[in-house]
Amino acid sequence: MLQRMSGVFIGAFFGTVFVVANAHAPLYPALGIALRVLAVLTFAGLLTLALRAGRLSRPADGAESPRADWFRGRFAFVVGAEAVLLIGGNLALRAAGAPEQTAVAWTALIVGLHFVALSAVWKRRSIAVPGVALTALGMTGLAMAATSAVAWVPFVSGVLSGVALLGGCAYAITQTYRSAVSPRPPAAQ
């Protein structure tokens with residue numbers, strides 16, 4: 001469970017960062033502050049719930065579950081490709097004279113695609129949901145960057161992407177917590 005939860009913590013942390021870094025003008029200042037505070041409180045709540053679920057989880061009849069090595073092999077390839085695309089794409093956008101707001105849209109697009117790829121690597125369809133949302137929000141932001149709505153790109157591709165990540169992590173942590181607190185059926189004799 002620790003490996004899976006570490007991935008969820010990373011997602012929740014970056015969801016919080018997306019909101020905190022992008023909840024600014026053209027939003028009303030009070031709304032930006034409220035969104036930042038809500039994101040941080042959500043992260044703290046998710047962390048608390050995950051830690052509680054970890055304490056409540058019991059191994060099944062002393063048997064160790066097989067250790068899934070989630071952070072090697074194909075995972076490393078996906079993350080490496082993500083890093084190259086993030087850096088290379090942002091450099092190319094800057095060199096092409098794209099507005100600075102495209103950086104957050106590009107980041108959302110690539111992070112979203114990385115989640116879609118990881119859903120196949122880890123065989124967890126639930127990871128694809130925030131991945132598809134971030135991909136769509138990134139593409140929308142890139143399209144908006146060429147319009148008069150460019151100032152709203154950080155909200156669409158940043159804040160909404162953060163909300164999608166926090167929501168996906170909330171779902172995963174809630175499911176883990178529910179399975180930890182629900183009674184297990186007795187083992188067959």
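The protein exposes about 11000 Å², and carbon and sulfur atoms supply 70% of that area. This is a predicted model, and buried residues make up 36% of the 189 residues in the protein.

**Fold and confidence**

The secondary structure consists of six helices and zero strands, so that, read from the N terminus, the elements run α-α-α-α-α-α. Of the contacts between residues at least 6 apart in sequence, 76% join residues at least 24 apart.

The average pLDDT of the protein is 88, and 87% of the residues score at least 70. Confidence is lowest in helix H1 (residues 2-22), where the mean is 88, and highest in H5, with 96. Over residues 60-67 the pLDDT stays under 50; for this stretch the model has three contacts beyond four places in sequence.

**Nonpolar cores**

The largest nonpolar core comprises 20 residues, and those with the most contacts inside it are Phe18, Leu118, Trp122, Leu134 and Val153. Two or more residues of this core are given by each of helix H3 (74-95), helix H4 (102-122), helix H5 (125-144) and helix H6 (153-181). H4 provides the largest share, eight residues.

**Two residues in their surroundings**

| Residue | Relative accessible area | Class |
|---|---|---|
| Serine 119 | 13% | buried |
| Valine 163 | 45% | partly exposed |

Because its relative accessible area of 13% is under the 20% limit, serine 119 counts as buried. Apart from neighbours within four places in sequence, serine 119 is in contact with Arg124, Ile127 and Ala128. Ile127 and Ala128, both contacts of serine 119, fall within the range of helix H5 (125-144).

Valine 163 belongs to helix H6. Its relative accessible area of 45% lies between the limits of 20% and 50%, and valine 163 is therefore partly exposed. In space, the C-alpha atoms of valine 163 and valine 19 are 7.2 Å apart, although the two residues are 144 residues apart in sequence.

Definitions and conventions:
Residues are numbered from 1 along each chain as its sequence is written. This is a predicted model: local features need pLDDT of at least 70, side-chain atom pairs count only at pLDDT 80 or more; totals for chains, interfaces and linings use all residues. Side-chain values use heavy atoms; hydrogens and water are left out. A nonpolar core is a set of buried Ala, Val, Leu, Ile, Met, Phe, Trp, Tyr and Cys residues joined through side-chain atoms within 4.5 Å. Buried means under 20% relative accessible area, exposed over 50%, partly exposed in between (1.4 Å probe, protein chains only). Helices (H or I, at least four residues) and strands (E, at least two) are DSSP runs, numbered from the N terminus. Contact means heavy atoms within 4.5 Å. pLDDT is the predictor's confidence in each residue, from 0 to 100. Accessible areas come from the Shrake-Rupley method with a 1.4 Å probe; for residues, only the protein chains shown count as cover.
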